[in-house]
Amino acid sequence: MNIPLVDLKANYLSIKKEIDSAIQEVIENSSFIMGKYVKKFEENFARFCKVKHVVGCSSGTTALHLALLVSGISKGDEVITVPNTFIATTECISYIGGRIKFVDVDPEAALINVEKLEKSVTPKTKAIIAVHLYGQMPDMQRIREIADDHQLLLIEDAAQAHAAEWNRHQPGYYGDVATFSFFPAKNLGCFGDGGAVVTNDDDLGEKVRILVNHGRITKYEHLVEGYNYRLDALQASILDAKLPYLPKWIEMRRKHAAFYNESLPEEVGRPFEAMGAKHVYYMYVIRVSKRDELMSYLKEHGIGCGIHYPIPLHLQPAYKNLGFTQGSFPVSETLAKEMLSIPLYPELTEEQLTYIVDNIKQFF
Ligand SMILES: *Cc1c(COP(=O)(O)O)cnc(C)c1O
């Protein structure tokens with residue numbers, strides 16, 4: 001058997017007709033930039049997320065950049081986030097001249113350690129980027145309180161967390177702004193790059209809408225210099241065709257995760273789902289001490305695996321100048337050695353899931 005870590009083709013084939021006709025319609029209308037397809041997806045996604053404003057944009061990275069641009073941060077201000085995330089989270093802090101301030105994650109959920117977060121706030125801190133890694137949100141209610149106590153802007157990096165919840169609220173509820181990625185492999189993915197900024201704040205929403213499209217307020221009038229960070233209409237129409245299926249796909253992910261939780265051998269550390277969290281399992285991340293051996297074993301048996309992420313950000317060559325060493329953020333460093341992502345997507349069959357579990361049992 002051959003089971004890749006992600007199977008984009010299986011997902012496409014499951015709704016091929018809808019996708020093909022959505023793409024064809026955009027081509028026949030030749031409405032590629034902005035226009036009705038982008039608007040329709042933005043409206044539908046806003047309804048889905050229960051937020052007032054959605055601005056489509058060209059990737060999860062540009063979504064974060066836009067969020068930071070409207071956050072009122074000036075050069076040298078600190079933005080707090082975690083070392084256990086994808087580099088896009090911190091790249092955007094640097095894009096606007098902010099200073100990256102890392103706070104280690106907690107060992108259970110691998111999400112921001114809220115106690116450490118509170119202690120790390122200084123007078124220079126201006127914003128927090130909470131990362132909903134693997135599809136799970138941290139305690140957003142507490143993080144919102146910390147942000148309010150210290151007058152910090154709260155940004156949610158929800159690239160991996162479409163439809164995730166904390167106390168029944170999705171990304172965009174607790175944060176001033178939340179950002180999504182529609183990278184093909186994400187839980188809601190397009191056929192290239194795409195992203196969105198969501199907010200309930202009219203002022204922030206308006207600013208993002210202007211910046212995403214060259215600072216335009218009318219066709220030929222530019223209020224400020226902006227960016228060409230638009231979501232294109234083909235991607236928007238693909239996303240709009242997929243959106244109605246997302247709740248079902250999330251349920252399948254959760255069902256498969258429950259199967260793994262029940263069936264994996266006891267040597268395997270399961271992902272932790274906190275009380276209050278609805279985990280959407282963008283990744284199913286297990287923990288094992290003999291991680292590299294298990295990974296090669298599974299690969300030899302045709303099972304795709306990945307590590308998210310093998311090098312914590314503070315140890316990346318790109319951040320050498322920040323002066324961190326081994327031991328600076330021990331929880332993230334230990335996780336980087338023990339974590340393994342195994343296949344988890346809606347289209348996995350019972351036979352495939354059983355094959356994966358059997359092989360892990362055989363390894364042990
Ligand atoms: C994917 C991802 C991003 C960036 O999204 P792109 O669409 O690839 O630019 C940012 N943050 C996290 C946590 C991600 O997983």
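Buried, as the word is used here, means under 20% relative accessible area, while exposed means over 50% and partly exposed lies in between, with a 1.4 Å probe and protein chains only. The structure is a predicted model, in which local features need pLDDT of at least 70 and side-chain atom pairs count only at pLDDT 80 or more, whereas totals for chains, interfaces and linings use all residues. Residues are numbered from 1 along each chain as its sequence is written, and side-chain values use heavy atoms, with hydrogens and water left out.

**Domains**

- The domain assignment, which is automatic or comes from a database, divides the protein into domain 1 (8-244) and domain 2 (246-363).
- The centres of domain 1 and domain 2, taken over C-alpha atoms, are separated by 24 Å.
- In terms of contact, which means heavy atoms within 4.5 Å, 44 residues of domain 1 meet 35 residues of domain 2.

**Nonpolar cores**

- A nonpolar core is a set of buried Ala, Val, Leu, Ile, Met, Phe, Trp, Tyr and Cys residues joined through side-chain atoms within 4.5 Å, and the largest one here has 67 residues, among which Phe-41, Phe-45 and Phe-182 touch the most other members.
- Helix H3 (residues 35-49) gives the most to this core, contributing seven residues; helices (H or I, at least four residues) and strands (E, at least two) are DSSP runs, numbered from the N terminus.
- Both domains take part in this core, since at least three residues are drawn from each of domain 1 (8-244) and domain 2 (246-363).
- Not counting residues up to four places away in sequence, Phe-182 touches a set of residues that includes Phe-41, Phe-45, His-162, Leu-188, Cys-190, Ala-196 and Leu-239.
- A second, separate core has 30 residues, including Val-55, Ile-93, Val-177 and Val-212.

**Helix packing**

- The axes of helix H10 (residues 246-263) and helix H13 (residues 350-363) come within 11 Å and cross at roughly 30 degrees, where axes are lines fitted to C-alpha atoms, for helices over the stretch in contact, and angles run from 0 to 180 degrees between N-to-C directions.
- H10 and H13 are therefore roughly parallel to each other, given that angles under 35 degrees count as roughly parallel, over 145 as roughly antiparallel, 65 to 115 as roughly perpendicular and the rest as oblique.
- H10 passes H13 in a right-handed crossing, a term for the case in which the near helix is turned clockwise from the far one by less than a right angle, with anticlockwise giving a left-handed crossing.
- Where these two helices meet, His-256, Phe-259, Tyr-260 and Ser-263 in H10 face Leu-353, Thr-354, Ile-356, Val-357 and Lys-361 in H13 through contacts.
- Helix H4 (residues 60-69) and helix H5 (residues 88-95) pack at an angle of about 40 degrees, with their axes 9 Å apart, and they are therefore oblique to each other.
- The crossing of H4 and H5 is right-handed, and in it Thr-61, Leu-64, His-65 and Leu-68 of H4 meet residues of H5 that include Ala-88, Thr-89, Cys-92 and Ile-93.
- An α-helix has 3.6 residues a turn, so residues three or four places apart point the same way.

**Backbone features in loops**

- The peptide bond from His-308 to Tyr-309 is cis, with omega near 15 degrees, and Tyr-309 is found in the loop between H11 and H12.
- Gln-151, in the loop between helix H7 (140-149) and strand S5 (153-157), has phi near 50 degrees, a positive value in a residue other than glycine, and it counts as exposed at 71% relative accessibility.
- His-214, in the loop between helix H8 (202-211) and strand S9 (216-218), has phi near 60 degrees, again a positive value in a residue other than glycine, and it is partly exposed, with a relative accessible area of 30%.

- Ser-120 is found in helix H6 (residues 114-120) and counts as buried at 16% relative accessibility; not counting residues up to four places away in sequence, Ser-120 touches Ile-80, Lys-101, Val-103 and Thr-125.
- Phe-102, in strand S3 (residues 99-102), is buried, with a relative accessible area of 6%.
- Phe-102 and Val-79 are 23 residues apart in sequence and 8.4 Å apart in space, C-alpha to C-alpha.
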